[in-house]
Amino acid sequence: IQVIHSRSRRDMADGGGRAGPKQSPAEKAARSLAADGRVYFSYAQIAETVSAAVPAVQAFNPDVMVAIGGGGFIPARMLRTEVRIPILAVSLELYDDKTHTANDRVLQKQWFDEKPGTFGAMVRGKRVLVVDEVDDSRTTLQYAIEELKRCNSPAAIAVLVVHNKMKPKKGVLPDDVVYIAGENVPNAWNCYPWDARAYGRDIRAHEELARACAGESDSRILQLGAAVACGALIALVACRCQCWK
């Protein structure tokens with residue numbers, strides 16, 4: 001996990017840099033590109049990365065999450081299994097889905113209000129965790145943080161991204177924002193499982209590509225299958241023992 005505080009963020013503006021903590025062995029493992037030049041990620045890989053970030057998130061101790069849609073919605077829900085706080089949704093658009101090109105500015109499609117009795121009322125004066133799937137140019141994150149500060153005045157803000165692309169950033173985050181990246185990844189086109197159909201594949205074909213990009217061997221898949229079968233067998237034995245009683 002990369003937890004980048006204000007003292008090292010300037011050194012990390014190139015997407016990584018000298019000042020950050022050492023990469024874990026998992027992060028050092030090179031992901032290969034698929035034949036189309038893209039990198040594919042599976043639901044299991046993303047869930048593992050999010051789960052590994054939990055200690056850093058707990059150290060920040062957020063009161064509420066703000067998930068940036070659409071890419072931040074599923075990682076935020078995965079995180080909520082272990083960090084039981086409410087999720088607010090905002091919808092921001094930097095890349096045009098029709099043209100697959102970047103807009104000249106971030107478009108705000110949806111924000112939350114602060115009516116009493118709603119989760120939106122939990123932001124002002126509280127600790128807020130902003131969740132997104134990828135830190136690419138950092139433009140969207142900068143916009144989200146600026147809007148939160150301008151409109152909702154939280155006491156503290158942290159950012160959690162599943163993947164931080166190792167590349168120069170256009171956007172800049174304030175020095176008082178805590179930055180958590182689940183994994184540093186090369187500057188390539190990331191393909192996520194919730195977008196499988198957008199790339200002309202069903203989810204099973206997508207997941208197979210993701211395993212290949214990660215270099216996950218057939219033996220590991222067999223080990224996972226054996227573990228699942230073993231768990232099912234233990235549950236069956238336990239059930240029969242209860243019946244015999």
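## Strand β6 and its partners

In strand β6, V130 is the bridge partner of V66; helices (H or I, at least four residues) and strands (E, at least two) are DSSP runs, numbered from the N terminus. This is a predicted model, in which local features need pLDDT of at least 70 and side-chain atom pairs count only at pLDDT 80 or more, while totals for chains, interfaces and linings use all residues. Residues are numbered from 1 along each chain as its sequence is written, and side-chain values use heavy atoms, with hydrogens and water left out.

L129 of β6 is likewise the bridge partner of M65. Strands β3 (residues 64-69) and β6 (residues 127-135) pair in the parallel sense over four bridges, where pairing requires that DSSP finds at least two bridges between two strands. β6 also pairs with β7 in the parallel sense, over eight bridges, and V134 has H163 in β7 as its bridge partner.

## Burial of the strands

Six of the six residues of β3 are buried, so this strand is largely enclosed by the rest of the structure. Buried means under 20% relative accessible area, exposed over 50%, and partly exposed in between, using a 1.4 Å probe and protein chains only. V64, V66 and I68 point one way from β3, whereas M65, A67 and G69 point the other way. In a regular strand the side chains alternate between the two faces of the sheet. β6 is mostly covered as well, with eight of its nine residues buried.

## Nonpolar cores

A nonpolar core is a set of buried Ala, Val, Leu, Ile, Met, Phe, Trp, Tyr and Cys residues joined through side-chain atoms within 4.5 Å. The largest one has 27 residues, of which V57, M65, L79, L129, L160 and I180 touch the most other members. Two or more residues come from each of α3, α4, β3, α5, β6, β7 and β8. A second, separate core has 22 residues, including W111, V128, L141 and I157.

## Helix α3

Helix α3 (residues 43-52) has Q45, I46, T49 and V50 as its buried residues. They lie on the same side of α3 because they cover an arc of only 130° around the axis, taken from the directions from the helix axis to the C-beta atoms. Elements covering them include β2 (38-40), α4 (54-60), β8 (178-185) and α7 (203-214), with contact meaning heavy atoms within 4.5 Å.
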